[in-house]
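Please read it beside the sequence and the structure.

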Amino acid sequence: MSRRQFIRNGALTAGALALAGCSSDKPEAVEARDEATAAPKVEWRLATSWPANIKLLQNAAARLAEHMAAMTNGRFTIAIDPASKTKAPLGVFDFVREGQYQMGHSASYYWKGKDAATQPFTTMPFGLNAQEQAAWFWYGGGVELMNEVYAKHGLLSYPGGNTGVQMGGWFRREIRSLADLRGLKMRIPGLAGEILARVGVNPVNVPPGELYTALERNVIDALEWINPYLDESMGFQQIAKYYYTVWHEPTGESQFLLNKSAFEALPVNYQSMLLVAMKECSFDMLCESVYHNALTWSEFQAQHPDVHVGALPDDVMAELRRQTELVNAEIASENAEFAAVLDSQEQFLAAAKEWTAISEQNYLDLREA
Ligand code: CA
């Protein structure tokens with residue numbers, strides 16, 4: 001504001017105050033200010049990829065709606081439709097792009113068929129862990145890169161809640177060698193599916209609400225979902241008795257998707273509230289996930305003694321690591337945006353590895369000694 005404007009506005013305010021009479025409960029200046037700052041009424045809709053009963057994932061959108069309503073005295077509402085309502089859990093990208101919904105809550109790597117560069121924003125096999133990925137997103141240019149990738153689809157995307165480190169998945173049969181992977185039909189989204197395809201697995205992407213039935217009816221032989229807290233509630237341990245530790249999803253960031261035009265049409269204060277609220281919801285999911293996994297795991301093995309828990313054999317892991325590098329390089333050679341995102345993550349990973357080793361890893365080893 002220029003000095004001249006300031007003086008003029010100041011004079012107006014003083015004049016209005018002087019004129020304020022007893023006929024109104026509010027001085028005119030206050031009424032004028034209310035009008036100038038009146039919060040418009042906004043009614044948005046948000047579609048998620050999750051069944052309503054998967055609270056950890058659905059909570060992010062629910063919290064966002066609560067925060068926005070509270071911060072705007074109910075002027076900005078967000079109505080949430082779970083996958084059971086839309087009947088299209090993997091339709092969220094198109095719903096939001098076309099403006100049918102202003103927002104979505106989903107996972108970026110579900111869109112690999114639409115845009116390969118969306119995949120690294122959820123997780124990368126052998127890549128960053130949750131803490132490192134958050135640092136990359138918010139200080140290493142990750143959020144900016146993500147929005148460059150999504151902008152060409154008329155979308156914006158922000159971190160929407162992290163599950164933390166996941167588990168490697170459930171198998172009906174023990175995996176003793178690479179040969180045991182050949183011909184397996186496995187639900188596994190993202191790059192990990194492509195990597196497993198190179199060693200003979202047939203990867204499929206089954207919507208979350210259909211996972212148990214698909215495993216039970218032999219539509220799939222194996223699956224990965226999330227972590228003990230959510231996996232146990234899905235009941236996979238009743239069917240598959242081999243539960244492997246992670247290689248493919250060392251972090252699992254879900255996403256808020258926004259219709260770019262709808263976001264840009266909002267008043268600046270609403271945009272700021274949304275950005276702050278999304279960040280809070282993202283952090284909250286990580287806290288909720290770590291807490292409940294710790295409690296679930298403390299009883300898991302005693303409650304399910306017939307479930308074998310362990311890592312995939314060393315030679316299987318070595319081959320998956322080799323294939324990961326080949327798949328990443330192949331996609332990067334065909335897709336410049338994927339290459340830019342991968343390069344940004346890998347540069348940070350190289351630095352983060354050293355720091356994590358001397359700090360976290362050193363301490364974790366010490367704590368267990
Ligand atoms: Ca997963």
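Rings of Phe, Tyr and Trp (its six-membered ring) pair if their centres lie within 6.5 Å; planes under 30 degrees apart count as stacked, over 60 as edge-to-face and the rest as tilted. The model is predicted, so local features need pLDDT of at least 70 and side-chain atom pairs pLDDT 80 or more, while totals for chains, interfaces and linings use all residues. Residues are numbered from 1 along each chain as its sequence is written, and side-chain values use heavy atoms, without hydrogens and water.

There are 18 aromatic pairs by this rule.

| Pair | Centre to centre | Between planes |
|---|---|---|
| Phe93 and Trp111 | 5.5 Å | 50° |
| Phe95 and Tyr101 | 5.5 Å | 45° |

Buried means under 20% relative accessible area, exposed over 50%, and partly exposed in between (1.4 Å probe, protein chains only). Phe93 is buried at 0%, and Trp111 is buried at 1%. Phe95, at 13%, also counts as buried, as does Tyr101 at 4%.

Ring pairs join Trp50, Phe93, Tyr109, Tyr110, Trp111 and Tyr150 into a cluster.

A charge sits over a ring if NZ of Lys or CZ of Arg is within 6 Å of the ring centre and within 35 degrees of the ring normal. Arg45 has its charged end over the ring of Tyr101, 4.3 Å from the centre. Over the face of Trp138 lies Lys279, at 4.1 Å from the ring centre.

With a disulfide defined as two cysteine sulfur atoms within 2.5 Å, the count is zero. For Cys281, the nearest cysteine sulfur is that of Cys287, 12 Å away. Cys281 is buried at 1% relative accessible area, whereas Cys287 is partly exposed at 36%.
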